[in-house]
Amino acid sequence: LISIDKIGKLSRQIFISTENLSAFRLAANLGGTSLEAFAKGARTMAVGINDWLVKGTGIAQDAFIQLGISQEDLRATNGDLMLQFELVSDKLKLMKDGTDKTAAAYKLFGGRNIELLTAMESGTAGMVEMGQEAKRFGLVLTKEMVKAVEDANDSLARTKSLFTGVSNQMTVALAPAITAISDALREKLLM
């Protein structure tokens, strides 16, 4: 439940569909990284894109220029972060492995998220293939499926909170009696 719930919340944070996130999770796992690393890298890249498109600056600007991605290419995605990620993935795939590729990934995704290179090394075609495989495995989750799990998880959390609240109230109500018994027992033992 928690894993599916996390995909739903992550989808709303980075504006990538639950279908794409749940499909990419397979590529991330096989590439030795995680969906969380993808989300952090996507956030870092989104900030870099914004800095370049709005301010004309930023560390990601160098990487986009190095990859041959123009501001017009990024604007053509209409702010779709998954399309932007695919664009970057395709350009990184064309680069020779080595320090330049690593440096570009570092500038785009942040230092701790360069591990995304292994998950996206086959470009968009590889991610589409992984998505199809994830669908065959039953790993792709629609927005409706995720919403149902989120609702169930929220209901369980509320029920757990209710029991915690009842337990707290009982403990508070019993505290004077526990104190009296403890004091009386201590006095008896000291006699």
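Colleague: Which residues form one aromatic cluster here?

Modeller: In this predicted model, the aromatic cluster is made up of F24, F38, F85 and F109. The structure as a whole holds five aromatic pairs.

Colleague: How should I read a single pair of rings?

Modeller: Two quantities describe a pair of aromatic rings, namely the distance of the centres and the angle of the planes. For F24 and F38 the ring centres are 4.4 Å apart and the planes stand at 40°, so this pair is tilted.

Colleague: Are F24 and F38 buried or exposed?

Modeller: F24 and F38 are both buried.

Colleague: What are the distance and the angle for the pair of W52 and F64?

Modeller: The rings of W52 and F64 lie 5.5 Å centre to centre with 5° between the planes, and this pair is stacked, because planes under 30 degrees apart count as such. Here too distant parts of the chain are linked, W52 being in helix α3 and F64 in helix α4 (residues 59-67), twelve residues apart. W52 and F64 are buried as well.

Colleague: Turning to pockets, how much space lies in the largest pocket, and which residues lie nearest its centre?

Modeller: The largest pocket holds about 220 Å³ of space, and its lining consists of 13 residues, with N20, A23, M127, V128 and G131 nearest the centre. Two or more lining residues come from each of α2 (18-30), α6 (81-94) and α9 (123-136), and the largest share, six residues, is that of α9.

Colleague: How does the lining of the second largest pocket divide?

Modeller: In the second largest pocket, where about 150 Å³ of space lies, the lining has one nonpolar, four polar and five charged residues. Among the residues that line this pocket are R12, E19, K143, K147 and E150. The elements that contribute two or more residues to this lining are α1 (2-14), α2 and α10 (143-190), and α10 gives the most, with four residues.

Definitions and conventions: Residues numbered from 1 in each chain as written. Predicted model: local features only at pLDDT ≥ 70, side-chain atom pairs only at ≥ 80, totals over all residues. Heavy atoms only, no water. 1 Å grid on protein atoms, 1.4 Å probe; cavity = no way out; pocket = protein on both sides within 12 Å on 5 of 7 lines; lining within 4 Å. Points joined across faces, edges and corners; volume = space filled by probe spheres on them. Nonpolar A, V, L, I, M, F, W, Y, C, P; charged D, E, K, R; others polar. Phe/Tyr/Trp six-rings, centres within 6.5 Å; stacked < 30°, edge-to-face > 60°. Buried < 20%, exposed > 50% of the residue type's maximum accessible area, 1.4 Å probe, protein only.
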